[in-house]
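Here's a quick tour of a protein model.

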Amino acid sequence: MRLIQAALVLVACTVSTSLLAQWQWVDKDGRKVFSDRPPPSDIPPKNILKQPAGRTTMPAAIAPIVADGADQPSAAASAPLAGASGPKGSGVDKALEDKKKKAAQAELAKKRAEEEQVTKAKIENCARAKQAKATYESGIRIARTNEKGEREVLDESARAAESKRIQAVIDSDCQ
């Protein structure tokens, strides 16, 4: 009876370790992908970070270089393979981090450009408002065209209302 239990425990451990077989690679967008299946064929071998321990297949592009050994010393040839199959020590994906930094910088530049545009618009509005205020305060007759296309001369109450509106624009944009 004990022999059967020991065999069952051994089989369970063997099955569970094969279930832990994980692949890890960096996809074309710079994200780390974890899967129990091998990566698609469009993923270059250098982007495969980890593969299951039972897998000893080398990608076709790397296998001849390692087999020849004439082009590179054996330590240099095995170093890329060790880096590709082992987990990274820091756990930080440099490409993803760089991509995030660039996106943050682009967003900051966009905000600065928008702020500059708003500032320029305020400066222009301020200059126009000051010029209009000077015109209204000069005392010359001012005429406008109404909705019917007729020309009407502003009276004192309309002039005062327009002067008040222009002063509000100056107060908001000329600071």
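A disulfide here is a pair of cysteine sulfur atoms within 2.5 Å. Searching the whole structure turns up 1 disulfide. The model is predicted, so to speak of local features takes pLDDT of at least 70, side-chain atom pairs count only at pLDDT 80 or more, and totals for chains, interfaces and linings use all residues. Numbering runs from 1 along each chain as its sequence is written, and side-chain values use heavy atoms, with hydrogens and water left out.

The disulfide joins Cys126 to Cys174, S to S 1.7 Å. These two sit 48 residues apart, in distant parts of the chain: Cys126 in helix H4, Cys174 in the segment after H5. Helices are DSSP runs (H or I, at least four residues), as are strands (E, at least two), numbered from the N terminus. The link is right-handed, with 120° about the S-S bond. For burial, the classes are buried (under 20% relative accessible area), exposed (over 50%) and partly exposed in between, using a 1.4 Å probe and protein chains only.

| Residue | Relative accessible area | Class |
|---|---|---|
| Cys126 | 10% | buried |
| Cys174 | 25% | partly exposed |

Next, the core. A nonpolar core is a set of buried Ala, Val, Leu, Ile, Met, Phe, Trp, Tyr and Cys residues joined through side-chain atoms within 4.5 Å. The largest one has 6 residues: Ala129, Tyr136, Ile142, Leu154, Ile166 and Ile170. Helices H4 (94–137) and H5 (156–173) are the elements giving it two or more residues.
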